[in-house]
Structure formats: C-alpha cells, structure tokens
Amino acid sequence: MYLEAKNIQKTFDGNHVLKGIDLQVEKGTVTVIIGPSGSGKTTFLRSLNALELPEAGSLNFDDLEIDFAKQITKKQIAALRKESTMVFQNYNLFPHKTALENVMEGPVQVLKMPKEKARQEALELLRKVNLGEQSELYPYQLSGGQEQRVGIARALAMKPKLILFDEPTSALDPELVGEVLKVMKDLAAEGWTMIVVTHELKFAEQVADEVIFMDDGTVCESGKPEQIFTAPKEERTKQFLERILDPI
C-alpha cells in the first residue's frame, strides 16, 4: 500500500473532530473526499501533511512511518512534506513575487536547485497549466483561477509523490472553476497520486478511483464513484447526495 492512515484522531478544545479515520491509497490513484461542512475533511487532509498533528493514529507513506501518539520530530515532518504537497483553497501565493518566482521558490529554497534550472522547470510547469504568458505577472494581476493554477504549478515543482487538494475551487467564481478542474483532470490522467477534498461531485464522479464520504469525524462510506453516486449503502450518504444534487 502506497499510503495508509490508521485510526487518525484529532481533538480541538474538547471537540472530537476526527474519530478514528482509516484510509488506504494506491499509487497513481485519485481519492476524493466529500461530505458536509464541519465533517473533518480538511482537518484529516491537513493531518496527512502534518499541518495538523493528530493525538493518535499512524501514517505509513512510501518508506516513511509516523506514530502520532509519540513525539513527532521536525525531521519526520520535513521528510513527509518533501514527499507530499498541499494545494490550498486560498492559493497562499507570495504577493510580492511573480507567478514564476512563486513556482521557483520551493525548488530553490527547499530542494536547493540551481536558480536557472528552477526557472526553466517553473516556466515549463506554468505552460503546463496554461499560464506560460502570465509568468511575470504578480498575484494581484491574476484571476482567482489563474492564481490557483499557479498554486498547482508550485506544488508540482516540488516533484511530490502525493498531492493534497483542499477544496481547490471553493474560493473561485463559478465560471473559473472549470479551468482549475481541467488541470486536475489532466494530472489524474498522467498518473499523479492525488487526494482531493471537494464539493465538485461531477469531478469526483468522472475522475476519482475511490470516493470517501465523511460525516461527524468518521468515514460513513467509501467505494467506487459509480457505487457511491448511484447506489449508496448508507442512509446518511443518500441524504447528503440528495441535498447536493437536488437542493430544491
């Protein structure tokens, strides 16, 4: 198994947000996590990158093993973040750096890549997300969809083994959502290993290898998209899908 999380538990101020989450991910697959707001999806995703540190549970990722019940070292966190990277819902770009400089930053500062090599690779990645002509623009000169595509290029620049997407289209105007989802579909087709938290159910239906439905800090149901969306087994899953797909 490429990535395996077991019994992930997290509490905030006495509120049990994650109540023993298990997850298995095969290399080269897309796992999509859906569920209502407040169900723990983002907290779980952030735990996989050690942006949140659970109180219990374990994570096995490639050759890395982490027991969250023990003291986690900075070396372990650095090793985890070297192999996995996060695409945030609010872009998190450096406002004083151009699109090109934003993409170059990680390879130069973290991977210690020579600047000219980082520049060439960053330009290639910006072209990959259809932003080759916007490389010298600053974030304030870009649309939200363009900023998010810079964020995806920045994530790819780190050559990760796993990409985590935290509701990457939730901050976008509806007409800009498609350009970001297209890039993500292209990445899935190329075989990138991805875990995506999203409300875009059509994307999940078309791209996911596995769909996980979370509610109240637990995994209520998981399965192939055709099973989850056409014949969910759990009543709570049915209720959620009905409210999303037929809100009137």
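These legends accompany close-up views of one predicted model. Because the model is predicted, local features need pLDDT of at least 70 and side-chain atom pairs count only at pLDDT 80 or more, while totals for chains, interfaces and linings use all residues. Residues are numbered from 1 along each chain as its sequence is written, and side-chain values use heavy atoms, with hydrogens and water left out.

**View 1. The six-stranded open sheet, with strands in the order β6-β7-β8-β3-β9-β10**. The pairing in this sheet is mixed, where two strands count as paired if DSSP finds at least two bridges between them, and where strands (E, at least two residues) and helices (H or I, at least four residues) are DSSP runs numbered from the N terminus. The edges are formed by β6 (84-87) and β10 (218-223), each of which pairs on one side only. Neighbouring strands are turned by 20° against each other on average, direction ignored, with axes taken as lines fitted to C-alpha atoms, for helices over the stretch in contact, and angles running from 0 to 180 degrees between N-to-C directions. Strand β3 (residues 30-34) and strand β8 (residues 194-197) run parallel and are joined by four bridges; Ile 33 has Val 197 of β8 as its bridge partner.

**View 2. Helices α6 and α9 against the sheet**. Helix α6 (residues 174-190) packs on the sheet and touches β3, β7 (162-166) and β8, contact meaning heavy atoms within 4.5 Å; the direction of α6 makes about 150° with that of β8. Helix α9 (residues 235-245) lies across β3, β9 (210-215) and β10, and runs at about 95° to β9.

**View 3. The aromatic pair of Phe 213 and Phe 240**. Rings of Phe, Tyr and Trp (its six-membered ring) pair if their centres lie within 6.5 Å, and planes under 30 degrees apart count as stacked, over 60 as edge-to-face and the rest as tilted; by this rule the count comes to three aromatic pairs. The ring centres of Phe 213 and Phe 240 are 5.1 Å apart and their planes stand at 35°, so this pair is tilted. Phe 213 belongs to strand β9 and Phe 240 to helix α9, so the pair links distant parts of the chain, 27 residues apart. Phe 213 is buried at 0% relative accessibility, and Phe 240 is buried at 6%, where buried means under 20% relative accessible area, exposed over 50% and partly exposed in between (1.4 Å probe, protein chains only).

**View 4. The aromatic pair of Tyr 138 and Tyr 140**. With ring centres 6.4 Å apart and planes at 20°, this pair is stacked. Tyr 138 is partly exposed, with a relative accessible area of 31%, whereas Tyr 140 is exposed, with 68%.

**View 5. Helix α5 and the residue Lys 159 just after it**. Of the 14 residues of α5, 14 are buried, so the helix is largely enclosed by the rest of the structure. Just after α5, Lys 159 takes a positive phi of about 50°.

**View 6. The hairpin of strands β4 and β5**. Strand β4 (residues 56-61) runs antiparallel to β5 and is joined to it by four bridges, and Ser 58 has Asp 67 of β5 as its bridge partner. Two residues lie between the strands of this hairpin, in which Asp 62 takes a positive phi near 55°.
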